[in-house]
Amino acid sequence: DAPTIETDVLVVGAGPAGLTLAALLAAEGVDAITVTRYPGTAHSPRAHITNQRTMEVFRDLGIEDDVRAVATPNELMGNNVWATSFADKEIARLLTWGSGDERRTDYDLASPSAMCNIPQHILEPVLHRAAADRGADLRFSTELVAIGQDDDGVTATVRHRDTGAEQTIRAKYAVGADGGRSTVAEELGFEMDGEMGLGAAVNVWLEADLTAYTAHRPGTLYWMCQPGNDYWVGSGTWICVKPWTEWVMLFMYDPSQGEPDLSEEAVVARARTTIGDPDVPITIKNISKWQINHVVARSYQQGRVFLAGDAAHRHPPANGLGTNTSIQDSFNLGWKLAHVLQGKAGPELLDTYDTERRPVGKQVVDRAMQSVRDMLPISQALGFAPEQTAEDGWRALDELFAPGADGEERRRSLDAAVALQNYQFNCHGVELDQRYASAAVTDDGTPWPAPERDPELYHHPTTHPGARLPHAWLEHDGATVSTLDLVGHGRFTVLTGIGGEPWADAAAKAAADLGVAVDVRVLGHHCEHDDVLARWVTLREIDDTGALLVRPDHHIAWRAPRLADDPAADLTAALRTALRHA
Ligand code: FDA
């Protein structure tokens, strides 16, 4: 028998969640092994919308430019088009993902990083390289078949798919980042709340040059609505994989009516109908089926084992939150595992992963499901109904654009139905405002600022403990840097301003007492980090002499409104809490 392998962390799965975690742990020098069932990274496009918060994680890892180099930029993501086919009548359009005039400033002000469109088969190799470059131990074709734990560790059995040989891995902790059919969750009996199999979908990845129909209205999603189909996604939703020649055509089906005909002939016929131009050559690259689920794990942790990504939360692609939430889970868990394993934090710090991330998972799953339901008003405004003949459907569509009171009323309904889609496509608050309340965050007793605008649609920056550090551009050594560039990279950081210099000594003392590195940055006019635009001063919600203690994941652990009587005592107490230090 092969000898047992010992490691500190076993990561199961090398999708977006597992690869990100592998890279983060490797960057911190943590002894970890990542195993994954398949011989390589994702072989098809799958998820693709990559939001600002995820790009901030990539920026922290130093791979934002690598991702951007192979992604479709935000400028080409904007137009969300509803039409009867590419070549035929356009029904409605919405500018999405912060790219419209009304929302662009909101997005630009909120983050140093722009959203992009990067399909999973292109993103994963970048993440893989980032992990490998940082020294991660990644093992492909290595499947987890059994896992159990005791008080001291986790014991896993993996099978090498090439040889069939089995091997035991003994780890201090394990993370199930093994996707929607998680073996880890199943083996350990993690309970899930919600429902699986709420709908079934097919992804058809294909090549078709649609430049003539898309270059003037560049976008990510094109919804083809033809009568005779009452599903929310209509007859076929086209997702841009590569402008404007590679696509995923997604369509829903009802499994109770039997499985769809997925022969090349049938799929090409559907593609032709939704393109509306018989002369466009079509090459099918891959066909896959997937399910709509709406579940969140009742707990993300059982003893020494954690769930991250789809293993913990499964939801429809609406709002594009699948990979984003998975990557952000890993950003919360990575530094905690590193600090605990390096003896810099108490093991209870790991309990805060569930406390902090599960509410986010629940919110994301519920939002995605609501966004699916919110697409029905579009079908209704178009006059589509179940059991309707195609002829009646086309007539209803003609009436939508006809003169007269009826048409006017229906056009108003359509406009309202399209505006509702902002909750799916410009949902900036949900994308960015993840806030944590846990035993590792020192609440300062102040209320969270009341939102000035709809909290789902709009980002509300705040430095309230538990919030993500707000972004402001600063000048440093002649270069423009974000507040977010001053924090993170696996370390704690204290941010203060003019007259707050005593916090530097306090941070040095706290760091020495607790054996953890704490950086100090001074922000303000003519400071090391010059608030030349006076933007930071409008966001920080503390005086010049106050301080923020920011965690490695950019979230604020504690704040002092002004210089304290005993800065070292206060900061040491806050850091002790943030680390759940004994
Ligand atoms: P992910 O599923 O990506 O990765 C799981 C990893 O675990 C894989 O590396 C796998 O090999 C490994 N693994 C599984 N079992 C294992 C075992 N027993 N032992 C070892 N390794 C194991 N989302 C979205 O927002 N928009 C979309 O359009 C789509 N489309 C889509 C299409 C298809 C076909 C699928 C399958 C999924 C989607 N999704 C999607 C969902 C999206 O892909 C998903 O949210 C993320 O990939 C989740 O990332 P994770 O890293 O959590 O799991």
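Start with the largest nonpolar core: it has 119 residues, and A22, A23, A174 and L549 touch the most other members. Helix α1, residues 16-27, gives the most to this core, with nine residues. Domain 1 (5-71 + 118-193 + 295-359) and domain 3 (468-579) each supply at least three residues.

Terms, quickly. A nonpolar core is a set of buried Ala, Val, Leu, Ile, Met, Phe, Trp, Tyr and Cys residues joined through C-beta atoms within 7 Å. Buried is 20 or more other C-beta atoms within 10 Å of a residue's own, exposed is 12 or fewer, partly exposed is in between, with C-beta atoms placed from the backbone. Helices are DSSP runs (H or I, at least four residues), numbered from the N terminus. Domain bounds come from an automatic or database domain assignment.

This is a predicted model: local features need pLDDT of at least 70, side-chain atom pairs count only at pLDDT 80 or more, and totals for chains, interfaces and linings use all residues. Residues are numbered from 1 along each chain as its sequence is written. On pLDDT, the predictor's confidence in each residue from 0 to 100, the protein chain averages 96, and 99% of the residues score at least 70.

Now helix α4, residues 101-110. R103, Y107 and A110 are buried. Seen down the axis, the buried residues of α4 fall within an arc of 65° (directions from the helix axis to the C-beta atoms), so they line one face of the helix. The face turned away carries exposed D101 and T105.

Notes: Helices (H or I, at least four residues) and strands (E, at least two) are DSSP runs, numbered from the N terminus.
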